[in-house]
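Welcome, and thanks for stopping by. Here is a short tour to read alongside the sequence and the 3D view.

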Amino acid sequence: MSDFKNLYEKLIEYSGTPAYPFHMPGHKRRMMFMENPYRFDLTEIDGFDNLHEAEGILKEEQERAARLYGSEETHFVVNGSTGGILSAIGGVLQRGDRVLVARNCHTSVYHGLELNGLRPVYLWPESDGKTGIYRGFTREQVEETLGKYSDIRAVIFTSPTYEGLLSDVRGICESAHQRGIPCIVDGAHGAHFPWAGLPDAVACGADVVVQSLHKTLPALTQTALIHLNGSLVNRERIRKMLSVYQTSSPSYVLMASISQCMTWLEREGAGQFERYERQARELRKRLANMKQLYLYKPEADFDWGKLVICTRNVPGRAVYDRLREDFGLQMEMTSAKYVLAMTTVGDSPEGFERLAEALEAIDLDLQRAEAAAERREVMNPRAVRESAIAPERYAVPEVPSMPVRCMEIDRAVIQPMEEVPLDKADGRVMGDYLYLYPPGIPMLVPGEVIQMKHIERIKDYLSQGLEVHGGYSKESGNVKVILHHG
């Protein structure tokens with residue numbers, strides 16, 4: 001008899017294990033109970049409105065969401081922030097427009113550039129030298145670029161970032177608005193900000209803000225909101241794009257989840273976030289005494305619920321695997337020098353305690369290993385040099401200079417392509433996106449030239465057990481390049 005388990009069976013099996021989720025979705029598999037979804041999985045029948053032409057219950061629900069977030073106009077999105085971002089870009093800009101784009105945007109932004117034939121001017125963020133974490137943008141950085149191009153039609157950037165760092169949304173929007181330029185903010189990770197005491201992009205004046213409810217709030221995966229404000233964007237056009245990039249049969253289960261989340265925020269949000277913040281800050285205080293691990297803390301405002309667990313002398317993957325295999329704690333992601341634990345209002349006190357105990361245990365083991373290595377070095381320095389993990393082996397590469405672009409994205413993706421070994425790709429032109437997922441920020445986009453520094457960086461990622469996606473084949477080790485260039 002076959003021991004094959006289908007997806008549903010695997011999910012049920014996994015949900016019965018003690019594995020604890022320090023990853024999205026924000027309900028953490030324990031909040032916002034909904035009865036059998038088959039009972040209310042229906043379509044646009046009388047009395048239940050039509051999401052794309054809302055005039056009844058769904059219109060009222062979206063107006064309620066707008067009031068909660070202080071937005072002039074809010075719409076439900078049922079295929080995640082990706083659908084909202086694509087709709088925003090397609091609704092605000094016209095084919096061939098020049099647009100200022102933060103280079104650390106999610107791949108969905110690049111897909112929007114591709115689909116609409118846009119001409120990006122990239123702004124690369126500064127990064128932390130020890131971890132490689134991208135910092136937020138300042139008003140001055142954006143102003144400098146806007147001053148160089150008089151034909152920029154919109155500014156697109158991410159705030160907060162995957163790791164919880166914020167840009168100066170208010171200052172950037174003020175600067176752009178003085179030039180009559182709208183701002184589109186990918187706030188996918190910031191739907192909880194109004195209740196967490198953090199500067200929300202809507203309140204800071206952004207014209208279009210896209211937020212994923214499912215990432216940081218108790219709502220089902222794929223649920224999101226898009227907020228529209230001001231007179232610089234064509235709202236009718238954005239509404240049209242929402243019907244283009246979303247299914248014509250939106251799930252009433254997902255929309256009910258959004259509704260339930262809004263009700264929860266109204267009734268319990270303030271008190272629950274007060275409890276959550278207290279627990280999160282107590283955890284941070286407790287973990288401040290670690291020696292080999294440490295929590296990343298930016299100088300400016302940041303999302304205190306994102307625990308970026310940095311390593312000193314070991315790769316992030318080693319800590320990620322240890323947490324999962326030895327302690328049953330599933331993290332959100334790992335990078336070269338850190339592991340990201342996403343905490344939300346859905347986390348339990350027991351979950352926080354398990355994480356604290358696990359990190360303290362791992363930190364103590366690393367301290368003991370370092371002490372043992374120092375003792376061995378006294379006895380046999382050569383043996384230590386040959387066996388110990390060299391910290392510089394896991395140093396984070398500096399953020400590379402802007403890749404050379406020889407072709408716009410929309411033209412590059414339609415060219416004939418071939419696959420070549422990564423080692424032989426120097427000088428070739430990318431035919432696809434190349435990125436780590438998560439977080440889904442492209443290292444290279446179609447039409448950019450692959451250089452040896454990119455190859456070395458990719459090989460370094462792969463050697464540390466990180467997953468490279470897009471135009472790289474894990475099976476063959478090849479990359480997808482344009483056939484007749486380079």
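**A first look**

The structure holds 29 salt bridges, each being a side-chain nitrogen of Lys or Arg within 4 Å of a carboxyl oxygen of Asp or Glu. This is a predicted model, in which local features need pLDDT of at least 70 and side-chain atom pairs count only at pLDDT 80 or more, while totals for chains, interfaces and linings use all residues. Residues are numbered from 1 along each chain as its sequence is written, and side-chain values use heavy atoms, leaving out hydrogens and water.

**A salt bridge up close**

- Side chains of opposite charge can pair when their charged atoms come close.
- Arg 64 and Glu 61 join their side chains in a salt bridge, at 2.8 Å from N to O.
- These two residues sit three apart in helix H2 (residues 57–69), so about one helical turn separates Arg 64 from Glu 61.

**The sheet and its helix**

- Helices (H or I, at least four residues) and strands (E, at least two) are DSSP runs, numbered from the N terminus.
- Four strands make an open sheet in the order E9-E10-E13-E12, with antiparallel pairing; two strands pair if DSSP finds at least two bridges between them.
- E9 (293–295) and E12 (333–334) are the edge strands, each with a single partner, so one side of each has no neighbour in the sheet.
- Five bridges link E10 (residues 306–311) and E13 (residues 338–342) in the antiparallel sense, and Val 308 has Leu 340 in E13 as its bridge partner.
- Helix H11 (residues 316–327) lies across E9, E10, E12 and E13, at about 40° to E13; axes are lines fitted to C-alpha atoms, for helices over the stretch in contact, and angles run from 0 to 180 degrees between N-to-C directions.

**Helices H3 and H4**

- The axes of H3 (residues 80–92) and H4 (residues 107–115) come within 9 Å and cross at roughly 35°.
- Thr 82, Ile 85, Leu 86 and Ile 89 of H3 meet Ser 108, Val 109, His 111, Gly 112 and Leu 115 of H4, where contact means heavy atoms within 4.5 Å.

**Helices H5 and H6**

- H5 (residues 139–146) packs against H6 (residues 169–178) at an angle of about 25°, their axes 8 Å apart.
- On the H5 side, the residues in contact with H6 are Arg 139, Val 142, Glu 143 and Leu 146.
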